[in-house]
Amino acid sequence: MRERLLVGFLLGVAACGTAACQLAEAQSFGDSAGPRRTTDIELVADSELIAGAIQPGVTLDGMFARYDVVEGDRQALIAAVRAVFDVRRMRVGQPFVMDRLLDGRVRSFEYEIDGDQRLRVGADLSRSFTAAIEPIAKQVTVDAVEGRISRETPSLTQALEAAGERLDLALALADVFSGELDFSSELQPGDEFRLVVERKTREGAFAGYGAILAAEFVASGRALRAYRYAPHGSRPAYYDEEGRSLKRFFLKSPLKFEPRITSRFSSARRHPILKYTRAHNGVDYSAPTGAPVVAVAPGTVTLAGWTGGGGRTVRIRHSNGYESEYLHLSAMHVRAGTRVSQGDLVGKVGATGLATGPHLHYGLRKNGAYVNPVVEHRNMPPGEPVPAVELAAFVSARARLLGLLQATALRAAD
Ligand SMILES: [Zn+2]
């Protein structure tokens with residue numbers, strides 16, 4: 001009890017920072033406490049909890065000096081931190097908490113590296129510091145979410161937003177079905193989806209999504225289902241009802257999300273800038289400048305540079321004689337020779353070269369000749385199935401996940 005009172009009081013002090021401010025806080029606390037004032041002041045004897053955030057242009061040493069940490073502890077603290085963490089990776093605005101004795105020695109220092117990890121430094125009785133990086137404890141719950149594509153919510157982002165969810169979940173769901181559905185052109189009002197996802201919380205507040213465990217998408221009357229399953233010794237992946245991988249050789253589109261086809265592949269069309277008819281060797285996707293462009297399949301970058309009309313252009317060579325190309329980029333994130341996996345970022349949408357505005361021109365060649373990427377992507381066979389020896393295990397995992405998915409449907413029907 002005594003300890004809790006002390007911490008509560010000191011946290012109040014810590015929030016304001018300067019010595020003058022601390023005095024004012026102490027004063028007002030004393031006033032409101034009325035006759036108990038003397039008792040409360042006795043509690044202050046030990047240490048101060050100083051909470052703050054990393055400031056721009058201040059070194060760790062400068063920061064410790066600002067909070068009156070004694071010279072010897074400053075050096076020892078920094079040495080302990082350096083043993084486990086690169087101090088240059090400390091980010092402005094990230095919170096820290098320091099427990100400092102009133103004589104300027106430090107009992108502990110904690111810095112939040114990111115949403116998942118914290119750096120903790122503690123002093124032992126002999127005044128030597130030990131630092132460690134620890135995971136931040138989070139609760140994980142499994143939740144069902146559902147939504148509907150409508151005239152008011154025509155995109156996956158909007159439909160999920162209407163269901164109270166965030167962009168990350170829309171991206172993750174689009175990823176699950178990225179080999180099956182082009183979220184740019186294939187969504188219709190009336191399409192429905194539901195999914196089961198892990199939701200992380202930290203001290204009661206939302207702290208990000210975990211994995212999508214199962215999902216169902218009914219698009220134009222066609223029901224697609226995805227079950228997350230990890231075959232023995234492999235990473236988890238998504239499989240359909242029959243245990244076939246949902247990962248295709250090609251993604252449905254090189255834009256992560258919600259592009260709109262503004263010009264289709266054709267053997268003859270009037271070029272909007274050159275004003276004469278010539279073949280359109282790919283598809284144009286309307287997308288804002290800066291939208292991420294990803295590799296449609298694993299491969300090796302053969303070109304990342306300027307081509308006349310194409311502006312900043314990336315070309316990737318894949319197996320089976322395929323080569324994909326991404327034109328008019330505002331930025332490139334790969335170099336010639338880079339090995340990329342399917343879905344890796346290769347650049348950002350732009351309007352470089354001959355382009356009337358920001359868009360992505362995406363082209364695909366097979367054995368050197370341009371082919372219609374939309375048709376080619378659609379015709380690729382389904383991915384690898386769950387190994388036959390594991391089919392029984394997959395079927396029982398599928399039944400469990402289907403139960404979770406259907407529980408949502410029942411709840412929605414209530
Ligand atoms: Zn084009």
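User: In which strand is His 328 found?
Analyst: This is a predicted model. The residue range to look at is 322–329. His 328 is found in that run, which is strand β18.

User: Is His 328 buried or exposed?
Analyst: Count the other C-beta atoms within 10 Å of its own. His 328 has 25 of them. The cut-off for a buried residue is 20 or more. Therefore His 328 is buried.

User: What is the phi of His 328 near?
Analyst: Most residues other than glycine have a negative phi. His 328 is not glycine, yet its phi is positive. The value is near 65°.

User: Phi of Asp 68 is positive too. Where is Asp 68 found?
Analyst: Phi of Asp 68 is near 60°. Asp 68 has 13 other C-beta atoms within 10 Å, and it is partly exposed. Its place is the loop between α4 (60–66) and α5 (71–84).

User: Which residues of helix α7 are buried, and why do they lie on the same side?
Analyst: Helix α7 covers residues 167–176, and its buried residues are Leu 169, Ala 170, Leu 173, Ala 174 and Val 176. They lie on the same side of α7 because the arc they cover around the axis is only 155°.

User: Which residues are exposed on the other side of α7?
Analyst: The buried residues of α7 have cover that includes α6 (156–162). Strands β7 (192–202), β8 (205–219), β9 (222–229) and β10 (237–239) are also part of that cover. On the other side of α7, the exposed residues are Leu 167 and Asp 168.

User: How far apart in space are Gly 368 and Tyr 322, C-alpha to C-alpha?
Analyst: Gly 368 lies in the loop between β22 (359–366) and β23 (369–371). It counts as exposed, with 7 C-beta neighbours inside 10 Å. In sequence, Gly 368 and Tyr 322 are 46 residues apart. In space, their C-alpha to C-alpha distance is 7.9 Å.

User: In which helix is confidence lowest?
Analyst: The protein chain averages a pLDDT of 83, and 82% of the residues score at least 70. Confidence is highest in strand β17 (residues 311–317), at 97. The lowest mean is 32, over residues 2–14, in helix α1.

Conventions:
Residues numbered from 1 in each chain as written. Predicted model: local features only at pLDDT ≥ 70, side-chain atom pairs only at ≥ 80, totals over all residues. Buried ≥ 20, exposed ≤ 12 C-beta atoms within 10 Å, placed from the backbone. Helix = DSSP H or I, 4+ residues; strand = E, 2+ residues; numbered from the N terminus. Arc of directions from axis to C-beta. Contact = placed C-beta atoms within 7 Å. pLDDT = per-residue confidence, 0-100.
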